[in-house]
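Please look through the sequence and the model shown here before reading on.

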Amino acid sequence: MDTKKLITGVVTVFVLFVIITQPKRAAEMVGIGFQGISDAASGIGEFMTELVR
């Protein structure tokens with residue numbers, strides 16, 4: 001079996017398990033992930049602004 005497919009399958013099963021057994025915690029984890037992406041985008045925007053000045 002292809003290693004990439006195996007890892008993808010294991011991660012998918014784990015994510016579904018967490019969503020089913022702990023939906024509140026899963027929602028918190030997604031929120032944290034989106035907050036991290038937002039912070040990173042904001043940091044890049046600030047960097048570009050300062051770079052142009």
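## A report on the predicted model

Gly33 lies in helix α2, where helices are DSSP runs of H or I with at least four residues, strands are runs of E with at least two, and both are numbered from the N terminus. This is a predicted model, in which local features need pLDDT of at least 70 and side-chain atom pairs count only at pLDDT 80 or more, while totals for chains, interfaces and linings use all residues. Residues are numbered from 1 along each chain as its sequence is written, and side-chain values use heavy atoms, with hydrogens and water left out.

With a relative accessibility of 34%, Gly33 counts as partly exposed; in this scheme buried means under 20% relative accessible area, exposed means over 50%, and partly exposed lies in between, with a 1.4 Å probe and protein chains only. Thr8, which lies in helix α1, also counts as partly exposed, at 46% relative accessibility. Gly33 and Thr8 are 25 residues apart along the chain, and their C-alpha atoms are separated by 19 Å. For Thr8 and Ser38, which are 30 residues apart along the chain, the separation of the C-alpha atoms is 26 Å.

Turning to the whole protein, there are 2 helices and 0 strands. Its radius of gyration is 17 Å, well over the 10 Å that the globule rule gives for 53 residues, so the protein is more spread out than a compact globule; the radius is taken over C-alpha atoms, and the rule is 2.2 Å times the number of residues to the power 0.38. Along the principal axes, the C-alpha trace spans about 50 × 30 × 5 Å. Of the 53 residues, 4% count as buried. The accessible surface comes to about 4800 Å², and 72% of this belongs to carbon and sulfur atoms, the areas coming from the Shrake-Rupley method with a 1.4 Å probe.

Ile7 is found in helix α1, which covers residues 3-21. Together with Val11, Phe14, Val15, Leu16, Phe17, Ile19 and Ile20, Ile7 makes a nonpolar surface patch of about 810 Å². Such a patch is made of residues with over 30% relative accessible area and no salt bridge, with nonpolar side chains joined within 5 Å and like charges within 9 Å.

How many salt bridges does a search of the whole structure find? The search finds 2, a salt bridge being a side-chain nitrogen of Lys or Arg within 4 Å of a carboxyl oxygen of Asp or Glu. Side chains of opposite charge can pair when their charged atoms come close.

| Salt bridge | N to O distance |
|---|---|
| Glu28 and Arg25 | 3.6 Å |
| Arg53 and Glu50 | 3.4 Å |

Glu28 and Arg25 both lie in helix α2 (residues 23-52), 3 residues apart, which is about one turn of the helix. Glu28 is partly exposed, with a relative accessible area of 38%, and Arg25 is partly exposed at 41%. In the other pair, Arg53 counts as exposed at 72% relative accessibility, and Glu50 counts as exposed at 51%.
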